[in-house]
Amino acid sequence: MRKELDIKTKKADVLIIGGGTAGCYAALTLSEQSQLSVLVAEKAHIKRSGCLAAGVNAINAYILPGRTPQDYVDYAAKDAEGIVRNDLLLTAAERFNEVTAHMERLGLVILKDENGNYAARGNRNIKINGENFKPLLASALQEADRVSVLNHVNITDLLTDGGKVYGAVGFSVLEETAYILEAQTVLIATGGASGLYRPNNPGFSRHKMWYPPFNTGAGYAMGLRAGAEMTTFEMRFIALRCKDTIAPTGTIAQGAGAKQVNAKGEVYEEKYGLTTSERVYGTVKENLLGNGPCYLRTSGITKEQEDDLLKAYLNMAPGQTLKWVESGKTPGESDVEIEGTEPYIVGGHTASGYWVNTNRESTVKGLYAAGDAAGGCPQKYVTGALAEGKIAALDMIRHYRPAGAAETEEPFASQEAGARLRKQARRYLAEYEKIRNEADPPFSAEELEEAMQKVMDAYAGGIGCHYEFNEKQLAAADERIAQLIELSGHVGASDMHELLSVYELKERLLVCQALIAHLRSRKETRWHSFQENMDYPKRDSAYEKYINSVFEDGKIRIIERELVKEAVYEHKDS
Amino acid sequence: MSIRIREEKCVGCGRCADVCPGTLIGFREKKAHMDYPKDCWGCVSCVKECRTGAIEYFLGADIGGNGSTMTVTEDGNILHWKIRKHDGTVKTIDVNRQDSNKY
């Protein structure tokens, strides 16, 4: 037997799981606007963790002069074919500009025109230098009062009792230490899920993907296990990217005005439509018609434009600049080849994630979600993550009852509930020890991850199937993922990094299980490529509703909900 | 795509290991060591963090790399990006953090 992990216990009023964009901004809001103590648990280091590690090139959700938050809602709702929450979109959009102004005060460089207004890129975007976006946010947080940051601590499970959250447990990824974190309010800001499907570059560069490979769906998985309701997982996100480097294309398409063309030089984008999913779909179809490869037509741009592009990519995806320079094929001379990525589950782009009320509280009391973890609010992007972090924080402040006050819900306070919670925590910690002492495991976490990605690719609409699937394939995917979940119960870990890998595998498998159940429940094709069901290739108005899910007794139970039309949504039933 | 750490230039300060968003960098004999090269996202956080230029970024052969490497050094608000091509030629691109992207 290995020596058992040391156990450390910490308490705070608010626990924030995930120190990315949404989590850091929620912590900053709590520090500035309340006296609450805040603990941020981050599995890497807040300076560069989350989606903005390399930087971000533009603010893509901003209300420009002459436009209103409602315009943004209308745009996002149309792009998502109506399966959105208007209340969530509107409340996020109403705060896009204030959080942008705050980031500028923290040091974010934003391009201005001769009148001192932000320079627009397109209809909803402004131009920035976002290379140091995350370090700016992290350094503001380091100086914030009443906030402690636990870097390199990975949270695995929530502690709940009677439908209310009371904290979480996790472990250090560097030291042999487990953590029990007590808090009566918890924010899930863990991002979305990558690595579910076989990626574009499955060999040496397997992690050269669009979305952070370290965002493994941890928040979705711990929420599902704690009984929280999820929404719209079936609206997968597939990004249209520069081939090989998987660098963004928006900068070229919107910034330099490059059109999507096939190998014959024909502009094809109008043929298939211009929504986010249709741009991917058109590229897939052109390849299937024998018209590939597809490109963004950059050839002919000026030398000055080219130099600006090389710099812009250094601020967000430096691999693309390296590729241009080392290949000698610069964008002015050669068009940029594009391809679709593997599918992801990510609430910042599509509507997948926690089912929350207008204040971003989930169906588990005291448990909030923001950013890519929160559903119903697609195309929220970076400013939406900031806005949701703030909305959740403000609601926590409104609802907080100080310790000792009447009706307080001090975690672990009552004798009976406290005993139950401590027992729950011990059960989770025992699972760490079991994994660390697994004798002779048949497979490694890496092997099972590869097997999972192969199943999802072949049977649940991955790149290899041009994102298409049918009912029989989904049934096969479900069966095989169930087998892999069974096998994942016998994987071992010889150090803390391997323990992290085991949990990441389990998180992804549970997200896959839920995703397949969602895909099987929407018997139509609502979004090309994102959810392309070949048995039901047309849109069906009967599915103008949300597909939601909860996890019960090892199975996913689907809940269908009517579209929310009200300006404010409160949780009522289960 | 991944990174290579030049042992002779590494002073073992640990800044790269601390900041890596995948916690992929460890230590061997007091020098930073890339423990999981296939798990690198290519965000170059470590390259920016390194004060001695010991970390080189490169594209894997599977995504079209042909042996060129990239490093970056900070000089106040200026980031000097240096691409050393496999034929030995060097291209430097300077980016000022105070300048917004044009796109």
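This is a predicted model: local features need pLDDT of at least 70, side-chain atom pairs count only at pLDDT 80 or more; totals for chains, interfaces and linings use all residues.
## A tour of rings, strands and interfaces

Residues are numbered from 1 along each chain as its sequence is written, chains are lettered from A and ligands numbered from 1 in the order in which they are written, and side-chain values use heavy atoms, with hydrogens and water left out.

**Stop 1: aromatic rings**

Over all chains, the structure holds 18 aromatic pairs. Rings of Phe, Tyr and Trp (its six-membered ring) pair if their centres lie within 6.5 Å; planes under 30 degrees apart count as stacked, over 60 as edge-to-face and the rest as tilted. How are the rings of A:Tyr72 and A:Phe96 arranged? Their centres are 4.9 Å apart and their planes stand at 80°, so this pair is edge-to-face. A:Tyr72 belongs to helix H2 (residues 69-79) of chain A and A:Phe96 to helix H4 (residues 96-105) of chain A, so the pair ties together parts that are 24 residues apart in sequence. Helices (H or I, at least four residues) and strands (E, at least two) are DSSP runs, numbered from the N terminus.

Now select A:Phe204 and B:Phe58: with ring centres 6.1 Å apart and planes at 25°, this pair is stacked. The pair crosses between chains, from the loop between strand E12 (185-188) and helix H6 (218-225) of chain A, where A:Phe204 sits, to strand E4 (residues 55-58) of chain B, which holds B:Phe58. A:Phe204 counts as partly exposed because its relative accessibility is 30%, while B:Phe58, at 12%, counts as buried.

For a group of rings, pick A:Trp210, A:Tyr211, A:Phe237, A:Tyr344 and A:Phe530, which form one aromatic cluster.

**Stop 2: charges over rings**

Show A:Trp355 and look for A:Arg85 over its face, 4.6 Å from the ring centre. Then go to A:Tyr543, where the charged end of A:Lys545 sits over the ring, 5.1 Å from its centre. A charge sits over a ring if NZ of Lys or CZ of Arg is within 6 Å of the ring centre and within 35 degrees of the ring normal.

**Stop 3: strand E12 of chain A**

Select E12(A), which is covered on both faces: A:Thr185 and A:Leu187 on one side and A:Val186 and A:Ile188 on the other are all buried. Which strands pair with E12(A)? Strand E2 (residues 14-17) of chain A runs parallel to E12(A), joined by four bridges, and strand E19 (residues 367-369) of chain A pairs with E12(A) in the parallel sense over three bridges. (Two strands pair if DSSP finds at least two bridges between them.) Click on A:Val186 to see both partners: A:Leu15 has A:Val186 as its bridge partner, and A:Leu367 in E19(A) stands opposite A:Val186.

**Stop 4: where the chains meet**

Finally, colour chain A and chain B: 57 residues of chain A are in contact (heavy atoms within 4.5 Å) with 51 residues of chain B. About 4800 Å² is buried between the two chains, and carbon and sulfur atoms give 59% of that area. Buried area is the accessible area (1.4 Å probe) that two parts lose on being put together, summed over both. In chain A, the residues that lose the most area to chain B are A:Phe204, A:Leu322 and A:Glu326, together 16% of what that side buries.

Notes. Buried means under 20% relative accessible area, exposed over 50%, partly exposed in between (1.4 Å probe, protein chains only).
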